[in-house]
Amino acid sequence: MSKTVYLHYSQEELNRNFDQRAWVSNALEVIARYPVHSRATRQRLLQRSGIAYGTHPDEILDFFPAHETGGPIQVFVHGGAWKNFTKDDYSFAADCYVPAGINTVVLNFSKLPAERLPTVVDQVSRGISWVHENAAGLGADPQRLFVSAQSSGAHLAASAMQKGRLDFVKAATLVSGPYFLEPVMLSHRADYVKLSQDEALDLSPGLHPERVLCPVQLFYAENDTDEFQRQTREFGKELEKAGRLAGLTRCPGVNHFELMEAFMDPKHPLMQSIFEQMGVSRSSR
């Protein structure tokens with residue numbers, strides 16, 4: 001019988017639970033569609049690319065304006081196991097937002113191991129703060145700023161909101177994220193996620209739900225790994241205790257990577273919930 005290293009997981013099982021690509025058969029196929037979707041989005045929508053929000057070369061963002069000025073704004077934080085992808089792979093996050101009158105920011109930030117996770121969390125926090133401070137100049141309403149994020153981006157967004165005390169964020173939607181870092185640090189991801197024990201505790205959003213200052217709705221995929229599903233449910237319980245949970249939804253028939261593509265479907269329950277959260281009227285979608 002294999003030795004357990006966390007909950008009921010053996011080392012092999014824990015490693016497998018932090019490898020979404022190996023969990024499903026079509027991961028590479030779906031991931032390969034992301035840059036294709038994103039190029040099409042950039043060809044179709046107006047944008048201001050590579051706006052600096054800090055001094056590091058990675059601290060840039062793309063802004064996709066809505067057709068009318070003064071509307072709400074969404075800041076999207078992408079995933080990739082903290083080590084993969086850039087904003088250019090996730091432009092398609094704007095596909096449903098912009099036609100609905102929602103200004104959209106796709107945030108860029110550094111990757112591990114080139115920078116440490118606390119640094120990246122700080123980048124995301126400062127990036128969201130920069131958007132708030134400059135929203136009016138971009139033609140958006142700084143009083144209606146929302147955050148959405150997926151996978152490791154959901155962890156970064158949650159941590160940034162907790163660490164940065166971003167009280168101007170009206171609400172957030174987090175999709176299929178890891179919210180407790182103890183099992184991460186016991187898995188193969190510890191090869192590049194280098195944290196002290198105190199840092200791992202501090203950057204575990206599920207342990208600090210009271211630090212989130214806005215309503216949060218959580219989504220996850222039926223075919224996420226078992227551990228990612230468990231972490232979302234546990235984070236949901238903690239947010240509910242803190243009075244911050246706005247919804248917890250399991251999306252049937254999709255995996256971790258396919259659920260990201262729901263950002264292109266205005267009729268998907270994920271997008272419908274975000275629109276409702278933002279108070280976007282049906283006539284504008």
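Phenylalanine 109 counts as buried, because its relative accessibility is 6% and buried means under 20% relative accessible area, with exposed meaning over 50% and partly exposed in between (1.4 Å probe, protein chains only). This residue lies in the loop between β6 and α4, where helices (H or I, at least four residues) and strands (E, at least two) are DSSP runs numbered from the N terminus. Leaving out residues up to four places away in sequence, phenylalanine 109 touches Tyr53, Asp58, Val77, His78, Val120, Gln123, Val124 and Leu156, a contact being heavy atoms within 4.5 Å. From phenylalanine 109 to serine 2 the distance is 39 Å in space, C-alpha to C-alpha, and 107 residues in sequence.

The model is predicted, so that local features need pLDDT of at least 70 and side-chain atom pairs count only at pLDDT 80 or more, while totals for chains, interfaces and linings use all residues. Residues are numbered from 1 along each chain as its sequence is written, and side-chain values use heavy atoms, with hydrogens and water left out.

**The protein as a whole**

The secondary structure comprises 10 helices and 10 strands. The radius of gyration is 18 Å, close to the 19 Å that the globule rule gives for 285 residues, so the protein is as compact as a globular protein of that length; the radius is taken over C-alpha atoms, and the rule is 2.2 Å times the number of residues to the power 0.38. Along the principal axes, the C-alpha trace spans about 60 × 35 × 35 Å. Of the 285 residues, 56% are buried, and among the contacts with a separation of 6 or more, 76% are between residues 24 or more positions apart. As for charge, there are 29 positive and 33 negative side chains, and the centres of the two sets lie 2 Å apart. In that count Lys and Arg are positive and Asp and Glu negative, with His and the chain ends not counted, and each charge is placed at NZ of Lys, CZ of Arg, CG of Asp or CD of Glu.

**Buried residues in helices and strands**

| Residue | Element | Relative accessibility |
|---|---|---|
| Phenylalanine 219 | strand β9 (residues 216–223) | 1% |
| Histidine 155 | helix α5 (residues 152–164) | 0% |
| Glutamate 227 | helix α8 | 0% |

Among the residues that phenylalanine 219 touches, not counting those up to four places away in sequence, are Thr173, Leu174, Val175, Cys251 and Pro269. Glutamate 227, beyond four places in sequence, is in contact with Tyr6, Leu7, Tyr9, Asn17, Phe18 and Pro183.

**Aromatic pairs**

How many aromatic pairs are there? The count comes to 9, where rings of Phe, Tyr and Trp (its six-membered ring) pair if their centres lie within 6.5 Å, and planes under 30 degrees apart count as stacked, over 60 as edge-to-face and the rest as tilted. Tyrosine 179 and phenylalanine 235 form a tilted pair, 4.5 Å centre to centre with 35° between the planes. Tyrosine 179 lies in the loop between β8 (169–175) and α6 (182–186), and phenylalanine 235 in helix α8 (residues 226–241), so the pair ties together parts that are 56 residues apart in sequence. Both tyrosine 179 and phenylalanine 235 are buried. Ring pairs also link Tyr34, Phe76, Phe85, Tyr90, Phe92, Tyr97 and Phe263 into a cluster.

**Backbone details**

Most residues other than glycine have a negative phi, and most peptide bonds are trans. The peptide bond from leucine 112 to proline 113, however, is cis, with omega near 0°, and proline 113 has its place in the loop between β6 (103–107) and α4 (117–138). Leucine 7, in the loop between β1 (4–6) and β2 (9–10), has a positive phi near 50°. Arginine 165 also has a positive phi near 50°; this residue is found in the loop between α5 and β8 and is partly exposed, with a relative accessible area of 46%.
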